[in-house]
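Reader: Could you walk me through this structure slowly? I am still learning how to read one.

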Amino acid sequence: MAVFEVPVLSIKNLNKQYGPGCSQCKGGESAYLVKNYCQVCGTVYACRDVSFDVFPGEVLGIVGESGSGKSTLMQCLYFDQEVSAGEAYLADYENGMKNLFQESSQQQRYIRNHVMGKVYQNPILGLKMNFSSIGNIAENLIAAGSRDVGMMEGKGTALLNKVNIPVHRRKEAPKNFSGGMQQRVQIAKALSNNPPLLLLDEVTTGLDLSVQASVLDLIKNLQRELNISIVLVSHDLGVIRMLADRTLVMLEGKVIEQGLTDQILEDPQHPYTQQLVHSLL
Amino acid sequence: METLLEIRDLSKTFELHNLGKQIHAVSSVGISLREGEFVGITGKSGSGKSTILKCIYGTYRIQHGSIWYHSKRFGKINLAQASEREMLYLRKHEIGYVSQFLSAMPRTTARQLVQQAIVEMGEDQEFAAEETEKILAHFELDEELWDSYPATFSGGEKLRLNIARAMVKKPRLLLLDEPTASLDHDSKLKVRELIEQLMKQGTTMLGIFHDLEFMNNLCDREYNMQNGVFSHAATFTNS
C-alpha cells in the first residue's frame, strides 16, 4: 500500500557514543560490553541505531529507564550533542531532502529557532533565569529575525497568557517562579516561533501531582489547538498513557519495542517492557 | 450485503517472559461480518472473547492469522499488518470501541470529551458544540453532568457517555466489549435501546455479552466461545 502520510521528522540509524571505541567494542556489539559500556576502553554507546518517524499532529512517546539514552537522543535531535552517525530529515526544512546532522552549525541554529522547540527537564537549560519571562521569549523571537518591539511584546504576552502565567508577572524573572511556572515559561518560549515540532524532555519530572497535571493539560490543549507534533520523553508511563499516540521503548541505547501506546501497555512483547508495565502501580 | 470484516485463523498467544509462561488466549478463530450485521460473542470469562475484539482494534498484536477489514479510506486492509498510523486513522474515523470502562483524559468534562471526538473528525468547534448538546441530551445524560468530570459519574452514566462518544464518530464498525456488565436492569435497557438505534442506522457491530438473555433477540448471529475456540455458531433471526 502506498504511504498515506509524510513524516514531519524522520530519524535514521542515529548513533551516539561517548569515547573512542576500541577493537573490542567496535560497532557497539561485543561480549566486552556491560549494558552499553565497554569494559576495555570505557566507551559508552548511548544511542545505538535509533530510527523512527514522527507524523503530523501526533505525540510520540519515548520511555525507558534512566541511562537508556532517552535524553541523549533528544539532545542529538536538538543539536545540543553531535551525533556519531545517523541521519535526520525534517519535512519543513529543505523539503526533507537534507540530512540535518550534516548541516552547518549556522543552519542548525536556524532549524532550532524556526522549526523546532525544546523544553528541558531542568529549566536552567532552557531559560535565562535572570532575564524577565517575556524577555526570554523575545530572545527566541529576535533569534528568528524579529526586530519589532511592539509585536514581540504582544506575542510574548499572548504566549504567557496561553500558558497561564499572569500578565502582571510577565516582566518577572523565572528564578522567582515555582517549578511548574518555570516549565510553563519554557513551553511558551519553545512555542514562540510556531515550530511544527516540539521536543519535551521529562517536562513534568519532579513537579508535584497537581502542578504536573496542569502542565500536562497545557501540553495536551496546545497540541490539540496547534496540531503540533511532539516527541515526549518520560520514564512515567502514566504521562505516556495520557499523551502519547505511539510509543518507543528504549533500553541500553536501543529501541527494543515500539507500537501504539495501548499496545505497549496492554500487550508488551519485550521482557523489559513487560517488567516495566508490570511495575506500574 | 458486502463483507465488512473477515477474521481468518486468528490465534493469539501471550508470552510472559518474567513468569516463564505462555497463555494461549485464542486459537484458530474465524468470523465474518457483513455490512449492517450485529454479531454477538458469548462465553465464560477468560474464554478469549475480549482478546478477539482487542486484536481487531489493534490493542493486541497478532502472531497468526489475518483480519481483513473493508476500509473506506484504505480499501481492503489486513489489520494484522496495518501500520500504527493506519490503525490510528481507522480508530479515529472508522472503527469504534466501547467497553464498560471509560478511558478518558483526566480533567476533561463530558461535554469536552464528546466535542473533541467530533472535532477530531474534522468538524469545526461551533458545529461540534451544537452536536454535542444534541447527543448528550439524546443519551439522557443529566444536564448537570455535562460540565463535570466523568470520573465522578456512576457506572451507567459513564457507559452512556462512552457510547455517545463512540457514536458521534459514526463508526462503520463498532466493537462492544461487555458494555452492559455491572449495569442495573434499567441502564441495560437504555443501552439496548441505543444499540437498536445504531442497528437502524446501519452500523456493523461485534459485541461481547455476558448475559444471553440480553442479546438473544437482538443479534443477527451469535458465537459461543470456550477456551479460545468457538464451540458452535448459531443463527438467530432478528425479532
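Reader: What share of the contacts in chain A with a separation of 6 or more comes from residues 24 or more positions apart?
Author: Such residues account for 66% of those contacts in chain A, where two residues are in contact if their C-beta atoms, placed from the backbone, lie within 7 Å. Please keep in mind that this is a predicted model, in which local features need pLDDT of at least 70 and side-chain atom pairs count only at pLDDT 80 or more, while totals for chains, interfaces and linings use all residues. Residues are numbered from 1 along each chain as its sequence is written, and chains are lettered from A and ligands numbered from 1 in the order in which they are written.

Reader: Okay, and how many helices and strands does chain A have?
Author: Chain A has 10 helices and 11 strands, counted as DSSP runs from the N terminus (H or I with at least four residues for helices, E with at least two for strands). Its radius of gyration is 19 Å, close to the 19 Å that the globule rule gives for 281 residues, so chain A is as compact as a globular protein of that length; the radius is taken over C-alpha atoms, and the rule is 2.2 Å times the number of residues to the power 0.38.

Reader: Switching topic, at what angle do helix 4 and helix 6 of chain A pack?
Author: Helix 4 (residues 133-143) and helix 6 (residues 179-190) of chain A pack at about 25 degrees, with their axes 9 Å apart; axes are lines fitted to C-alpha atoms over the stretch in contact, and angles run from 0 to 180 degrees between N-to-C directions.

Reader: Roughly parallel or roughly antiparallel, then?
Author: Helix 4 and helix 6 of chain A are therefore roughly parallel to each other, given that angles under 35 degrees count as roughly parallel, over 145 as roughly antiparallel, 65 to 115 as roughly perpendicular and the rest as oblique. The contact is made by A:Ser133, A:Asn136, A:Ile137 and A:Asn140 of helix 4 and by A:Val185, A:Ala188 and A:Lys189 of helix 6.

Reader: And A:Gly21, where is its place?
Author: A:Gly21 is in the loop between strand 1 (9-18) and strand 2 (33-34) of chain A.

Reader: How many residues of chain A are in contact with chain B?
Author: There are 20 of them, in contact with 15 residues of chain B, and the largest share of that side of chain A, 4 residues, comes from helix 10 of chain A.
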